[in-house]
Amino acid sequence: MTIKAIPKTEKYRQQRKEQKKRYYAKTANLYPARPWTEEETRMVMDHRIPDSELSVLIRRSMKSIQEKRRREKKNE
């Protein structure tokens, strides 16, 4: 039995783009820009709680949390 992959159509791509936009809009522009502390960086890298909960806890957007994690992994 072979399972065929569903081709990603333009409609699918557009729907996914809209979903991401809604997801990140929840915390976008809620918090002012400021330098990262060591404690915040540690929490981001531990990744023990979902980014949506961490966002409220450290008062940063979900997008900034994901970007910080990406940058830290790149520098390792």
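Helices, on this tour, are DSSP runs of at least four residues, numbered from the N terminus. The model on the screen is a predicted one.

**The whole chain**

Begin with the complete protein in a cartoon view. It contains four helices and zero strands, and its elements follow the order α-α-α-α from the N terminus on. Now colour the 76 residues by burial: buried residues make up 20% of them. Consider also the contacts between residues at least 6 apart in sequence; of these, 57% join residues at least 24 apart.

**Stop 1: the loop between H1 and H2**

Select threonine 27, which belongs to the loop between H1 and H2. Is threonine 27 buried or exposed? Its relative accessible area is 7%, and since buried means under 20%, threonine 27 is buried. Next, display its side chain together with the backbone of methionine 62. A polar atom of the threonine 27 side chain lies 2.9 Å from the backbone nitrogen of methionine 62. Setting aside residues up to four places away in sequence, threonine 27 touches Ser55, Ser61 and Met62.

Move along to asparagine 29, in the loop between helix H1 (10-25) and helix H2 (38-46). Asparagine 29 is exposed, with a relative accessible area of 79%. Its phi is near 60 degrees, a positive value in a residue other than glycine. Most residues other than glycine have a negative phi.

**Stop 2**

Select Glu40, Thr41 and Val44, which are buried in H2. Turn the view to look down the axis of H2: the buried residues fall within an arc of 100 degrees, so they line one face of the helix. The buried residues of H2 pack against H3 and H4.

Just after H2, select histidine 47, where phi is positive at about 55 degrees. Histidine 47 is not a glycine, and at 46% relative accessibility it counts as partly exposed. Then select isoleucine 49, also located in the loop between H2 and H3. Isoleucine 49 is partly exposed, with a relative accessible area of 33%. Which residues does isoleucine 49 touch, not counting residues up to four places away in sequence? They are Leu54 and Leu57.

**Stop 3: serine 61**

Proceed to the loop between H3 and H4 and select serine 61. Its relative accessible area is 18%, and serine 61 is buried. Leaving aside neighbours within four places in sequence, serine 61 is in contact with Thr27, Ala28, Tyr31 and Ser55. Threonine 27, visited at the first stop, also touches Ser55.

**Stop 4: helix H4**

Select residues 62-75, which form helix H4 with its 14 residues. From its first C-alpha to its last, H4 reaches 20 Å, close to the 20 Å expected at 1.5 Å a residue. Within H4, highlight the buried residues Met62, Ile65, Lys68 and Arg69. They cover an arc of only 125 degrees around the axis, which puts them on the same side of H4. What do the buried residues of H4 pack against? Their partners are H1, H2 and H3.

**Stop 5: aromatic rings and charges**

Finally, display the aromatic side chains. The structure holds one aromatic pair. The rings of tyrosine 23 and tyrosine 24 have their centres 5.1 Å apart and their planes at 70 degrees, so the pair is edge-to-face. Tyrosine 23 counts as partly exposed, at 31% relative accessibility.

Lysine 63 lies over the face of tyrosine 24, at 4.5 Å from the ring centre.

Methods:
Residues are numbered from 1 along each chain as its sequence is written. This is a predicted model: local features need pLDDT of at least 70, side-chain atom pairs count only at pLDDT 80 or more; totals for chains, interfaces and linings use all residues. Side-chain values use heavy atoms; hydrogens and water are left out. Helices (H or I, at least four residues) and strands (E, at least two) are DSSP runs, numbered from the N terminus. Buried means under 20% relative accessible area, exposed over 50%, partly exposed in between (1.4 Å probe, protein chains only). A polar contact is a pair of N or O atoms within 3.5 Å; within protein, one must be able to donate a hydrogen and the other to accept it, and residues adjacent in sequence count only if both atoms are side-chain atoms. Contact means heavy atoms within 4.5 Å. The expected span of a helix is 1.5 Å times one less than its number of residues. The arc is that of the directions from the helix axis to the C-beta atoms. Rings of Phe, Tyr and Trp (its six-membered ring) pair if their centres lie within 6.5 Å; planes under 30 degrees apart count as stacked, over 60 as edge-to-face and the rest as tilted. A charge sits over a ring if NZ of Lys or CZ of Arg is within 6 Å of the ring centre and within 35 degrees of the ring normal.
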